[in-house]
Amino acid sequence: LVGAELLCRRHQLIREAYRLSPSSPDYSASDWFMGWGRRRTGQTVQPALAAYVAEQLKHEASIAMETRKAREEKTFKVS
């Protein structure tokens with residue numbers, strides 16, 4: 001049963017990657033789609049899964065933004 005779920009998730013990931021960019025598919029959110037941790041909803045992707053992926057990517061982006069701000073602040077204080 002778990003194998004079937006992984007196959008379905010992989011299929012959804014591939015369809016979503018090609019929907020966003022057919023000539024150059026983007027697999028940057030594959031970890032979230034596969035349920036391993038790491039985009040826009042489409043008709044071929046389950047809305048609940050797409051919402052989860054979007055939330056995780058948003059969380060990652062906010063962490064990256066805070067890290068960048070801290071680094072810039074540290075650089076500013078040294079100058």
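Leu13 touches Tyr27, Ser30, Phe33 and Met34, leaving aside residues up to four places away in sequence. The model is predicted. Leu13 also belongs to the largest nonpolar core of the protein. The fold has 3 helices and 0 strands.

**Overall architecture**
- From the N terminus, the elements follow the order α-α-α.
- The protein has 79 residues, and 19% of them count as buried.

**Nonpolar core**
- The largest nonpolar core holds 7 residues: Leu13, Ala29, Trp32, Phe33, Met34, Leu49 and Val53.
- Helix H2 (30–34) and helix H3 (47–78) each supply at least two residues of this core.
- H2 gives the most, with 3 residues.

**Surface patch**
- Val2, Leu6 and Trp36 form a nonpolar patch on the surface. Together they have about 330 Å² of accessible area.
- Leu6 lies in helix H1, which covers residues 2–20.
- Is Leu6 buried, partly exposed or exposed? Leu6 counts as partly exposed, because its relative accessibility is 32%, and that class runs between the 20% limit for buried and the 50% limit for exposed.

Conventions: Residues are numbered from 1 along each chain as its sequence is written. This is a predicted model: local features need pLDDT of at least 70, side-chain atom pairs count only at pLDDT 80 or more; totals for chains, interfaces and linings use all residues. Side-chain values use heavy atoms; hydrogens and water are left out. Helices (H or I, at least four residues) and strands (E, at least two) are DSSP runs, numbered from the N terminus. Buried means under 20% relative accessible area, exposed over 50%, partly exposed in between (1.4 Å probe, protein chains only). A nonpolar core is a set of buried Ala, Val, Leu, Ile, Met, Phe, Trp, Tyr and Cys residues joined through side-chain atoms within 4.5 Å. Contact means heavy atoms within 4.5 Å. Patches are made of residues with over 30% relative accessible area and no salt bridge: like charges are joined within 9 Å, nonpolar side chains (Val, Leu, Ile, Met, Phe, Trp, Tyr) within 5 Å. Accessible areas come from the Shrake-Rupley method with a 1.4 Å probe; for residues, only the protein chains shown count as cover. A salt bridge is a side-chain nitrogen of Lys or Arg within 4 Å of a carboxyl oxygen of Asp or Glu.
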